Amino acid sequence: MKIWGGYGSEHSMNLVMIGQFKSIDDARKTKQTIDQLTEKLADKIEVGRTQNRFEDEVFALLKDANIYTLGPLELEQFLYDVSTRIEEDKLILTTDESEVSAFMKLMIDRGAKIEIFSAHDYPDAEYGRGK
């Protein structure tokens, strides 16, 4: 169970982020990195717990993954309800969250060109939910 502890409205973002990579392999490797961080951070950080620095274990994890652009406050984004899938050379991420800077930075670091939009505003977009 995930418990969200913050202020917000009932309105979800229905956000779509598309990272277009130079190759299918780059997209797959980036998705694999996201999946690994999601799995490994689950028992190392807490959603809503403000941290201004990395714990040693988390720093080692990021160093092993060659990730140096994320801040400690962004790591909890990997614990949010996010869906990712690969379509050719694209990594498509969908979420109801608005905090997605960690994913954006990771995709850009891995060479992606990024498009971000709310499927509420573009319901006929190719990569919205249900497509």
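The buried residues of α2 pack against α1 (24-41). Here, contact means heavy atoms within 4.5 Å. Helices (H or I, at least four residues) and strands (E, at least two) are DSSP runs, numbered from the N terminus. This is a predicted model, in which local features need pLDDT of at least 70 and side-chain atom pairs count only at pLDDT 80 or more, while totals for chains, interfaces and linings use all residues. Residues are numbered from 1 along each chain as its sequence is written, and side-chain values use heavy atoms, with hydrogens and water left out.

**The two sides of α2**

- Helix α2 covers residues 56-64, and its buried residues are V58, L61 and L62. Buried means under 20% relative accessible area, exposed over 50%, and partly exposed in between (1.4 Å probe, protein chains only).
- Seen down the axis of α2, these buried residues fall within an arc of 95°, so they line one face of the helix. The arc is taken from the directions from the helix axis to the C-beta atoms.
- D56, E57 and D64 are exposed on the other side of α2.
- N66 follows α2 and has a positive phi, near 60°.

**How α1 and α2 pack**

- Two packed helices are described by the angle between their axes and the distance between the axes.
- The axes of α1 and α2 cross at roughly 170° and come within 12 Å. That makes α1 roughly antiparallel to α2.
- Axes are lines fitted to C-alpha atoms, for helices over the stretch in contact, and angles run from 0 to 180 degrees between N-to-C directions. Angles under 35 degrees count as roughly parallel, over 145 as roughly antiparallel, 65 to 115 as roughly perpendicular, and the rest as oblique.
- From α1, L37, K40 and L41 meet V58, L61 and L62 of α2. The residues of this contact divide into 5 nonpolar, no polar and 1 charged. Nonpolar covers Ala, Val, Leu, Ile, Met, Phe, Trp, Tyr, Cys and Pro; charged covers Asp, Glu, Lys and Arg; the others, Gly among them, are polar.

- Most residues other than glycine have a negative phi.
- N14 is not a glycine, yet its phi is positive, about 50°. N14 sits in the segment before β1 (15-20). With 15% relative accessibility, N14 counts as buried.
- E88 is not a glycine either, and its phi is positive at about 55°. E88 lies in the loop between β2 (82-87) and β3 (90-95). E88 is exposed, with a relative accessible area of 62%.
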